[in-house]
Amino acid sequence: MSAVLDLYDRLRHAPDEETRARVIAEAFDLLESRYPHLDYLVTVRHLSETELKLTKEIEAVRGEVKATELKLTKEIEAVRGEVKATELKLTKEIEQVRADLTNGISPKRSRRFGPRWRLPLPRPARRF
């Protein structure tokens, strides 16, 4: 006899409500022991809700990534501008130093005395 017919027969022949309740509890216990994964069954509705939640979270993260990317792009452009300004400033300073050096040393003086940073050569040893 199948389990369903056996349950029906036991319920029909139960003398009182307490016995019927025990028969039903035993049937549920038997069902849970045969199919332990029943507690974890997921319905299509649950899957749809979870999918919708995850889609919203993904879109939120994409928005955050996009905002961070734009912020970093702006910061990079600002740093590039600062580097360019510093480069121009240094170029002007180098040109100014070159001009000062060129104007500060006259051609006569540079030929006669040579550069100021030249060190004297060592003298050769004397022979006796």
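What is the volume of the largest pocket?

1. The volume of the largest pocket comes to about 330 Å³. This value, like the others in this note, is computed from a predicted model.

2. The lining of the largest pocket is made up of 13 residues, and those closest to the pocket centre are Ala3, Leu7, Ala27, Leu30 and Leu31. Two elements each give two or more residues to this lining: helix H1 (3-12) and helix H2 (17-34). H2 gives the most, with seven residues.

3. By residue type, nine residues of the lining are nonpolar and four are charged, while no polar residue takes part.

4. Leucine 31 deserves a separate point. This residue lies in helix H2 and is among the residues closest to the centre of the largest pocket. Leu31 also belongs to a nonpolar surface patch of about 560 Å², together with Ile24, Phe28, Tyr35, Leu38 and Leu41.

5. Read from the N terminus on, the order of elements is α-α-α-α.

6. The chain has 128 residues, of which 2% count as buried. Its accessible surface comes to about 13000 Å², and carbon and sulfur atoms account for 60% of that area.

Technical notes
Residues are numbered from 1 along each chain as its sequence is written. This is a predicted model: local features need pLDDT of at least 70, side-chain atom pairs count only at pLDDT 80 or more; totals for chains, interfaces and linings use all residues. Side-chain values use heavy atoms; hydrogens and water are left out. On a 1 Å grid over the protein atoms alone, a cavity is a set of points where a 1.4 Å probe fits but cannot get out, and a pocket is an open set with protein on both sides within 12 Å along at least five of seven lines; lining residues have an atom within 4 Å of a point. Grid points are joined across faces, edges and corners, and a volume is the space filled by probe spheres set on the points. Helices (H or I, at least four residues) and strands (E, at least two) are DSSP runs, numbered from the N terminus. Ala, Val, Leu, Ile, Met, Phe, Trp, Tyr, Cys and Pro count as nonpolar, Asp, Glu, Lys and Arg as charged, and the others, Gly among them, as polar. Patches are made of residues with over 30% relative accessible area and no salt bridge: like charges are joined within 9 Å, nonpolar side chains (Val, Leu, Ile, Met, Phe, Trp, Tyr) within 5 Å. Accessible areas come from the Shrake-Rupley method with a 1.4 Å probe; for residues, only the protein chains shown count as cover. A salt bridge is a side-chain nitrogen of Lys or Arg within 4 Å of a carboxyl oxygen of Asp or Glu. Buried means under 20% relative accessible area, exposed over 50%, partly exposed in between (1.4 Å probe, protein chains only).
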